[in-house]
Amino acid sequence: MKTLNRRDFGVALAAAVLLPATTARADDMGVHIDNFVFQPAELKVKVGTTVTWTNRDDIPHTIVSAGKFRSKTLDTDDKFSFTFTNPGDYKYFCSLHPHMTGMIKVE
Ligand SMILES: [Cu+2]
């Protein structure tokens, strides 16, 4: 019977460690801001999902959903995360550029 050498064992161990991480990633979704646009503008997620916004513009933006959440001003590459624990439609906008809008649909 062949025994695992040290390298095979390392690969097996890496696979065992990586698989749960891949599964967990389904609970994290991202929206990025590019050229004054939230992308995707509408995102469907399941309850319990954490959404992280990343500002890829060289202009500050915010993420505000009235009465739900409000980010600080995000500079370039800054991130803001919010975990959605209740179903519903969460409209949000940028308070600095109110024509920038997006929606998170939580089901
Ligand atoms: Cu903005």
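These notebook entries record what I looked up in the structure, from the whole chain down to single residues.

**Entry 1: ground rules**

I noted at the start that this is a predicted model, in which local features need pLDDT of at least 70 and side-chain atom pairs count only at pLDDT 80 or more, while totals for chains, interfaces and linings use all residues. Residues are numbered from 1 along each chain as its sequence is written, and side-chain values use heavy atoms, with hydrogens and water left out.

**Entry 2: the chain as a whole**

I began with the secondary structure and found 1 helix and 9 strands in the chain, where helices (H or I, at least four residues) and strands (E, at least two) are DSSP runs numbered from the N terminus. Along the sequence their order is α-β-β-β-β-β-β-β-β-β.

Next I looked up burial, and 29% of the 107 residues of the chain count as buried; buried means under 20% relative accessible area, exposed means over 50%, and partly exposed lies in between (1.4 Å probe, protein chains only). The accessible surface of the chain comes to about 7100 Å², and 57% of that surface belongs to carbon and sulfur atoms; the areas come from the Shrake-Rupley method with a 1.4 Å probe, and for residues only the protein chains shown count as cover.

**Entry 3: how the strands pair**

I then followed the pairing of strands, which requires that DSSP finds at least two bridges between them. β8 and β9 pair in the antiparallel sense over 7 bridges, and a hairpin through 2 residues joins β8 to β9. In this pairing I found Lys91 opposite Met103 in β9. β9 is also joined to β3, by 4 bridges, and these two strands run parallel; here Val45 stands opposite Val106 in β9.

**Entry 4: the nonpolar core**

Which residues touch the most other members of the largest nonpolar core? Of its 18 residues, I found these to be Phe38, Trp53, Ile63 and Ile104. A nonpolar core is here a set of buried Ala, Val, Leu, Ile, Met, Phe, Trp, Tyr and Cys residues joined through side-chain atoms within 4.5 Å. At least two residues of this core come from each of β1 (28–34), β3 (42–45), β4 (50–55), β8 (88–94) and β9 (97–106). I wrote a general remark beside this: in soluble globular proteins, nonpolar side chains tend to be buried together.

**Entry 5: the copper ion**

Which atoms coordinate the copper ion? They are ND1 of His61, SG of Cys94 and ND1 of His97, at 1.9 to 2.2 Å, and along the chain these donors follow the spacing H-x32-C-x2-H. Donors are N, O and S atoms within 2.8 Å of the metal (3.2 Å for Na, K and Ca), and water is not among the atoms, so sites may look incomplete.

His97 counts as buried because its relative accessibility is 16%. A polar contact of 3.1 Å joins the side chains of His97 and His61; such a contact is a pair of N or O atoms within 3.5 Å, where within protein one must be able to donate a hydrogen and the other to accept it, and residues adjacent in sequence count only if both atoms are side-chain atoms. Not counting residues up to four places away in sequence, His97 touches Phe36, Ile59, Pro60 and His61.

**Entry 6: residues in loops**

Is Lys72 buried or exposed? Lys72 is exposed, because its relative accessible area is 55%, and I found Lys72 in the loop between β6 (69–70) and β7 (79–83). Although Lys72 and His61 are 11 residues apart in sequence, their C-alpha atoms are 8.6 Å apart in space.

Thr49 lies in the loop between β3 and β4, yet Thr49 counts as buried because its relative accessibility is 3%. A polar atom of the Thr49 side chain lies 2.5 Å from the backbone oxygen of Lys46.

Last, I looked at the backbone and found a cis peptide bond from Gln39 to Pro40, with omega near -5°; Pro40 has its place in the loop between β2 (37–39) and β3. Asn35, in the loop between β1 and β2, has a positive phi of about 50° although it is not a glycine.

Technical notes
Contact means heavy atoms within 4.5 Å.
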